[in-house]
Amino acid sequence: MSDLIQTIAVYAIPVIFAITLHEAAHGYVARMLGDPTAEQAGRITLNPLRHIDPVGTLLVPAGILLMSKLMGGSALLFGWAKPVPVDFGRLRRPKKDMLWVALAGPAANLFMAILWVISMRLYMAGGVQEGYWYQMAIAGININLVLMALNLLPIPPLDGGRIVFSLLPNRMAWQYSRIEPYGLVIVLLLLVTDVLWVLMQPVLQLGAAIVTWFL
């Protein structure tokens with residue numbers, strides 16, 4: 001039990017802020033491109049309380065950590081926040097601007113992973129290669145890279161699905177969007193069959209290569 005509490009203590013802050021910055025970035029870019037919906041809802045903020053979903057941000061990640069500890073293995077940490085409201089119809093160029101709004105979330109996670117790498121580098125420069133804050137930096141890097149890779153999967157309503165929709169010709173885009181109601185089910189099926197991790201590997205490897213430049 002003490003190991004589980006220690007693991008939650010290490011992962012809690014990185015998970016909460018990875019999800020918070022991801023959602024705030026969507027709202028910020030949407031506002032830049034003409035849609036003030038997120039701002040009007042008070043969601044362009046780094047206050048985690050404005051973004052936390054009790055189930056997706058807290059219970060699901062904690063449950064996954066618990067099960068992985070009980071089963072003696074590792075698990076792909078999975079969770080979500082309350083989606084930032086974006087009215088794509090209010091964007092200046094709705095279909096084209098959707099790409100930038102969607103890309104903002106994964107880009108924010110890559111940025112946070114880089115910040116965690118820089119903090120880890122500072123710890124190492126001070127001769128610290130273990131301990132609570134060093135472990136938190138490692139967790140922060142991994143969590144943000146996983147969230148980036150997960151959200152870039154081309155499955156609506158994930159960000160990758162929005163990006164694909166933005167890039168497709170209009171007729172194909174609307175046909176593609178018809179799978180959105182089933183998107184979460186598809187992701188969960190991929191998760192339980194371990195296919196999700198395989199699909200995420202190329203983006204994870206690219207993200208790891210990028211953040212390594214800052215180490």
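A salt bridge is taken here as a side-chain nitrogen of Lys or Arg lying within 4 Å of a carboxyl oxygen of Asp or Glu. The model shown is predicted, so that local features need pLDDT of at least 70 and side-chain atom pairs count only at pLDDT 80 or more, while totals for chains, interfaces and linings use all residues. Residues are numbered from 1 along each chain as its sequence is written, and side-chain values use heavy atoms, with hydrogens and water left out.

**View A. The salt bridges R31–E39 and R93–D97**. Relative accessibility is 39% for E39 and 34% for R31, and each is classed as partly exposed (buried means under 20% relative accessible area, exposed over 50%, and partly exposed in between, with a 1.4 Å probe and protein chains only).

**View B. The salt bridge between R162 and E180**. The closest N and O atoms of R162 and E180 are 3.1 Å apart. Because R162 belongs to helix α6 (residues 159–167) and E180 to the loop between α7 (170–176) and α8 (183–192), the pair ties together parts that are 18 residues apart in sequence (helices are DSSP runs of H or I with at least four residues, strands are runs of E with at least two, and numbering starts from the N terminus). R162 has a relative accessible area of 22% and E180 one of 27%, which makes each of them partly exposed.

**View C. Aromatic pairs, and a lysine over a ring**. The whole structure holds two aromatic pairs (rings of Phe, Tyr and Trp, the last by its six-membered ring, pair if their centres lie within 6.5 Å, and planes under 30 degrees apart count as stacked, over 60 as edge-to-face and the rest as tilted). Y132 and W133 form an edge-to-face pair, at 5.1 Å centre to centre with 75 degrees between the planes, and Y132 is partly exposed at 33%. F165 and W174 also pair edge-to-face, at 5.0 Å and 80 degrees; here F165 is buried at 9%, while W174 is exposed at 56%. K95 lies over the face of F165, at 5.9 Å from the ring centre (a charge sits over a ring if NZ of Lys or CZ of Arg is within 6 Å of the ring centre and within 35 degrees of the ring normal).

**View D. A nonpolar surface patch that includes L122**. F111, L115, I118, L122, W213 and F214 make a nonpolar patch of about 660 Å² (patches consist of residues with over 30% relative accessible area and no salt bridge, with nonpolar side chains joined within 5 Å and like charges within 9 Å, and areas come from the Shrake-Rupley method with a 1.4 Å probe). L122 lies in helix α4 (residues 94–125) and is exposed, with a relative accessible area of 59%.

**View E. Segments annotated in UniProt**. An unreviewed UniProt entry lists "domain: Peptidase M50" at residues 136–191, and annotations of this kind may be inferred rather than shown by experiment. Residues 136–191 are 73% helix and 0% strand, with the end C-alpha atoms 25 Å apart. The record also places "transmembrane region" at several segments, including residues 99–120 and 181–200. Residues 99–120 are 100% helix, with end C-alpha atoms 32 Å apart, and residues 181–200 are 80% helix, with end C-alpha atoms 21 Å apart.
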